[in-house]
Amino acid sequence: MTSARPPTIDPVAAARWEHAQLANSPWLHEEVGRRMEERLQWIRMQPAAWADWHPLRGGLQAHDLVLKRYKNAQCRVVEADDSRADLARRALAGPWWRRMGAPGLLAGPVPDGGVQLLWANMALHMSADPQALIAQWHRALATDGFLMFSCFGPDTLRELRALYALQGWPPPAHDFTDMHDWGDMLVHAGFAEPVMDMERITLTWASADKLLGELAQLGTNLHPARFPGLRGRTWRAALEQALTGALSGGDGRLALTFEIIYGHAFKPAPRVRMSEESAVSLQDMRALLRSGGLDRVRERSRE
């Protein structure tokens, strides 16, 4: 597994997008979050604490669904900076009567091993260093905790990519990673039993203008070979005309495909490589003691 960053993502543009101002959580993100939350019914663990990674963009309504499922769990929200964290905390606090008797909402970085569930809806495909991000999620989880995430897959915007290629324009978006590669990255980071699946969702719009407006909420083009500067109204008119001609169906509505990848994986007890001298971190030692793994290490050392 290579540690190289994705070649089609400009890290400067990715950082700028991460800190960009938000209006509302995109509808598609909320819908994906709703579908991902339904998958929690198959997870038997009831987390004592969980973290929501970038809920302002991932979906405030989706956050509320998870909150209702785990009513007694401590919740922490993680955002790109302090101002966004404060905004998320205010948006998610809810009315005073709902807060009575419920664990308080925390904001800020997750301590190592601090949560049993890390929820990351529609964030991974916009990361300039996804392997580092997955490793960060792994550190945040306690032993036997689990990760739930979703992101765009490679078939996303395939109609738009074909149109741009036909026009000879630069790519309209950076490349999105295949779910099998995400599974490999999870294993490489130390996760166990990754389960990946995908579905395709087709969205339609009444006009090219509405289509472009919603795409701007869903993300931005991080491709290094994207258009280098702003285009004028003439180009916008040509784009809308091309979109109308290429994407219109029999009902006159414009359609685009989105491939949605869902994944979850567990953090197992750490393994200790046996040698004449083995070093174990304090966090891993605590995890081994809780799981009984230290007894297994002693048995192996006597063999």
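Helices α7 and α9 cross in a right-handed sense (left-handed means that the near helix is turned anticlockwise from the far one by less than a right angle, right-handed that it is turned clockwise). This is a predicted model, in which local features need pLDDT of at least 70, side-chain atom pairs count only at pLDDT 80 or more, and totals for chains, interfaces and linings use all residues. Residues are numbered from 1 along each chain as its sequence is written, and side-chain values use heavy atoms, without hydrogens and water. Helices (H or I, at least four residues) and strands (E, at least two) are DSSP runs, numbered from the N terminus.

**Helix α7 against α9**
- Helix α7 covers residues 130-140, and its axis lies 9 Å from that of α9 at an angle of about 50°. Axes are lines fitted to C-alpha atoms, for helices over the stretch in contact, and angles run from 0 to 180 degrees between N-to-C directions.
- The pair is therefore oblique (under 35 degrees counts as roughly parallel, over 145 as roughly antiparallel, 65 to 115 as roughly perpendicular, the rest as oblique).
- From α7, P130, Q131, I134, A135 and H138 make the contact; from α9, W182, M185, L186, H188 and A189 do. Contact means heavy atoms within 4.5 Å.
- By class, the α7-α9 contact has seven nonpolar, three polar and no charged residues. Ala, Val, Leu, Ile, Met, Phe, Trp, Tyr, Cys and Pro count as nonpolar, Asp, Glu, Lys and Arg as charged, and the others, Gly among them, as polar.

**The sheet and its helices**
- Seven strands build an open, mixed sheet, ordered β3-β2-β1-β4-β5-β7-β6. Two strands pair if DSSP finds at least two bridges between them.
- β3 (105-107) and β6 (192-205) are the edge strands, each pairing on one side only.
- From one strand to the next, the twist averages 15°.
- β5 (residues 141-152) and β7 (residues 254-266) run antiparallel, joined by seven bridges. C151 stands opposite I261 of β7.
- Helix α8 (residues 158-167) packs on the sheet and touches β6 and β7; its direction makes about 125° with that of β7.
- Helix α9 (residues 179-189) lies across β5, β6 and β7, at about 145° to β6.

**Helix α10 against α11**
- α10 (residues 208-218) and α11 (residues 233-247) pack at about 105°, axes 9 Å apart. They are therefore roughly perpendicular.
- A208, D209, L211 and L212 of α10 meet R236, L239, E240, L243, T244 and L247 of α11.
- This α10-α11 contact has six nonpolar, one polar and three charged residues.

**Helix α2 against α4**
- α2 (residues 27-38) and α4 (residues 60-69) pack at about 20°, with axes 7 Å apart. That makes the two roughly parallel.
- The crossing of α2 and α4 is right-handed.
- E30, G33, R34 and E37 of α2 meet L60, Q61, A62, L65, V66 and R69 of α4.
- Four nonpolar, two polar and four charged residues make up the α2-α4 contact.

**Confidence**
- The chain averages a pLDDT of 88, and 85% of the residues score at least 70. pLDDT is the predictor's confidence in each residue, from 0 to 100.
- Over residues 294-303 the pLDDT is below 50; this stretch has nine contacts in the model beyond near neighbours in sequence.
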